[in-house]
Amino acid sequence: MTPAGAINIHNVSKVYDPGGANVLAVDNCSMDIAPGEFCVIVGPSGCGKTTLLNAIAGFHEITGGEIRLDGRPICTREFTAEPGADRIVVFQNGALFPWSTVLNNVAYGPVVQGAASRPEAKQKAQSLLSELGLSGIGGRYPNELSSGMRRRVEIARALINEPKVLLLDEPFRAMDALTKGVAQEFLLQAYDRVRKTVFFITHDLEEAIFLADRVLVMTTRPGRIKQTLHVDFGRPRNFKMRASKQYLALKTQVFEAVREEAVSAFEAGERELA
Amino acid sequence: MADTPRRNRGCPARRKRVERALSVVAIDTSRPSRPAATGQISTWSLSLFRLRHWLSQSSPYLGFLGVAGLVLLWYLSTEFFNVPRFNKLPGPVSVWREFTSASPTFGISIYTPEYYMHIFWSIWRVLQAFFWATVLGVPLGLFMGWKRTFRDYTFPVLEIVRPIPVLAWVPVAILIFAGIASREAPVIFLAFLATFFATVLNTMLGVESIDEVYFRAARCLGSKSRHIFFRVVLPGALPFIFTGLQIGVGVGWFSLVAAEMISGEYGLGFLIWDSYVLSQFPVIIIAMLTLGVVGYAFSAIIRIIGSTLMRWTDRSAL
Amino acid sequence: MAAAASVIQKRNGGFAPTLRRGTVSIVGILILWEIGRRFQFPFLSAVPAPTEVVRSLDKIITNGKFWNDWIASFTRVLSGFALAQLIGVPVGLLMAMNRTLRYLWFPPLEILRPIPPLAWVPTSIIFWPTTELSIIFVIFLGAFFTVVLNVLGGARAIDKRHIRAALSFGSKPRDIFWKIVLPATMPSIITGMAVGMGVTWEVVVAAEMIAGKSGLGYFTWASYVGGNYPQIIIGMVSIGIAGYFSSGAIRLIGKFATPWQRQI
């Protein structure tokens, strides 16, 4: 059986050229993500994790190394595959189309790919929303919803297309801590349902450990993988585990490594690139 | 008490100072906050509430006073005190008398069909100009904003032609359309030009204002080009398009009136110039005020259509 | 690393294609225009071709009267424009700061504003003793409303937090005006000036065509009436250039007046 959603990142480098400065954003980064694995990258802002995500998604080119999805190269020095529904992104500040209702937003993918007709897609969207506990908001516009709800709809919009990989770019960054916790649990529930490969980036260490199967710590710019941590909690997880001794031990283990990077990023004081 | 808002406590002198300073930029502390759940209050009672609140403030009465003051000033300077240069101008009384008389001296009043014919011709011309400007300008603007290559080819030409005032085209317009519909076409063409530039520019700006992230989201959801155009570019640019249309109608009117004054037959601009030439001064004022009202109505209609089509815009920003 | 950098450079494309495409399209249109005239295309043939215009240009540049027309137009533009700024900016600021004045003056302004400035020409001619003054008055009207609206909008959009911060430093209303309100409104003032300048040129040209005896608008109209068609194009282009540089000058002034808006 061919694995679905295995990502291989091999010696990837990326050089930005803002104003001729030749900034090395990512430096020989490598990692292998197994199908269905929930992988989280942690690092200070500006360390290059978004760059990596954008490269996997097909929005940016890389200047060295290669990225493969299920053995097929999707990003190399010469070539970047078009963004597609096999690796869908959930964006940091939300990208629900403000001019469409929730239902139309979620139904967007299937309709546009020709996988279903409009009414069929809307049916499918409605049932997915209900399964995820979001029934009743189909007719609302995004700006009428709270940020937590918007994020959930966006996750639904991605999942309806059954992507091989779900890429999440600090999706809960702009939320307050309380809403964030609930949103994280929602994501875990959705993940448990579909068990797709997840590539999640964040700067929040606690979030990383709570969500991940594996946490990778990235250094400040130029970014490379500094440390890997396996999180052996079973699934499904719930918020109570955040107070357990095991969790605290994991946190302590990684905290030093992350903190060191955060301090040097703070002192370097460089502006974060997109 | 624990729930007394902080600014009501403390010394009155400080409160006075804060209020005066806030009034420096006339911050409207008197506006009521919006009721929370819009779904539960009927629109009718909401409108009634807002109307009552509006009437309870000073703003409508001051506004009325302002307009009345203007008319009074006009009256006093032209007819009452007979101020030297002002007395050559027609005053509100003579204008009103002329406007409301069944058999007006100069042939134009609310009872004469000619009045409405002039209005009709002006409106008809603006509508034609507006139609062509929208039909040609919006797609052009959308493409210019969306595809860099297309913009590179078309924008320079546009930027070179745009600074030329629309009315400088009058002779050229007359020459171009010398053969066909030589009376109407130049006038409509000029109004079209003005509206066209405003529309294209604003539409283009509208597309450029769409956050990159929406394009990315659409692409990774599997969109093809036509999907991106119709489901991201077009709706995303809509607010700017309507702003452009409003501006376009304004400058369209402006150019139309001027074109009518220079080379028209019928229409409000023509009426103004003609009555000046024939020394029918009250009619000038009638025509000017009619222009103001009709122009304003046009903008308002577009604005209303715009806000109806774009109910999804962020209400909290209004 | 250097190889990677050059890959980036090539991918970005740089300025070259934009410039190239722009030049191609402009040259292309000029050529089409010329051909259209030569081969009597339906609409294009009525307009004098680029080559004729250039030949005419030769004769005109040496003629002193042409430059007098430039000066005449510029004088009117600057007078009317300056007047509109001198009266419009204070009015806008006053209306922004004083609620009563705003409620009082806004409706009359909103009633007068939709009346196209050129509709005022006959009234202006009747009222003012000289043609010159009547033209300047109409120009003033054209720019005035734009200025007031922009200044009013800009001043009212000032972030209240700046005011509050100033207050917590103990500022008096006078300080708040000169150190916060005025600089914060400056970008809007400049925008109002730039847009107002555009409107001004529109009005000048039309006013000169209708009622003037000198100036670039008059020059253009007279060329038409006199049958000297290539000169029409010269007139149009001159006005366009004049207007473009006037707006450009305003924007340059704006950059000096608002150094904090410099883009990196």
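The contact between the two chains takes 14 residues from chain B and 20 residues from chain A, two residues being in contact if their C-beta atoms, placed from the backbone, lie within 7 Å. On the side of chain B that touches chain A, α9 (212-220) and α10 (225-263) each supply at least two residues; helices here are DSSP runs (H or I, at least four residues), numbered from the N terminus. The most is given by α9(B), with 6 residues. By class, this side of chain B has 7 nonpolar, 4 polar and 3 charged residues, where Ala, Val, Leu, Ile, Met, Phe, Trp, Tyr, Cys and Pro count as nonpolar, Asp, Glu, Lys and Arg as charged, and the others, Gly among them, as polar.

The model is predicted: local features need pLDDT of at least 70, side-chain atom pairs count only at pLDDT 80 or more, and totals for chains, interfaces and linings use all residues. Residues are numbered from 1 along each chain as its sequence is written, and chains are lettered from A in the order in which they are written. The average pLDDT of chain B (the predictor's confidence in each residue, from 0 to 100) is 81, and 85% of its residues score at least 70. Residues 21-38 of chain B fall below 50, and this stretch has 30 contacts in the model beyond near neighbours in sequence.

Within chain B, α10(B) packs against helix α12 (residues 281-309) at an angle of about 165°, with the axes 10 Å apart. The two helices are therefore roughly antiparallel (angles over 145 degrees). Residues of the contact include B:Phe242 and B:Trp253 of α10(B), and B:Phe298 and B:Ile302 of α12(B). The contact of α10(B) with α12(B) divides into 10 nonpolar, 5 polar and 1 charged residues.

Notes. Axes fitted to C-alpha atoms, helices over the stretch in contact; angles between N-to-C directions. Parallel < 35°, antiparallel > 145°, perpendicular 65-115°, else oblique.
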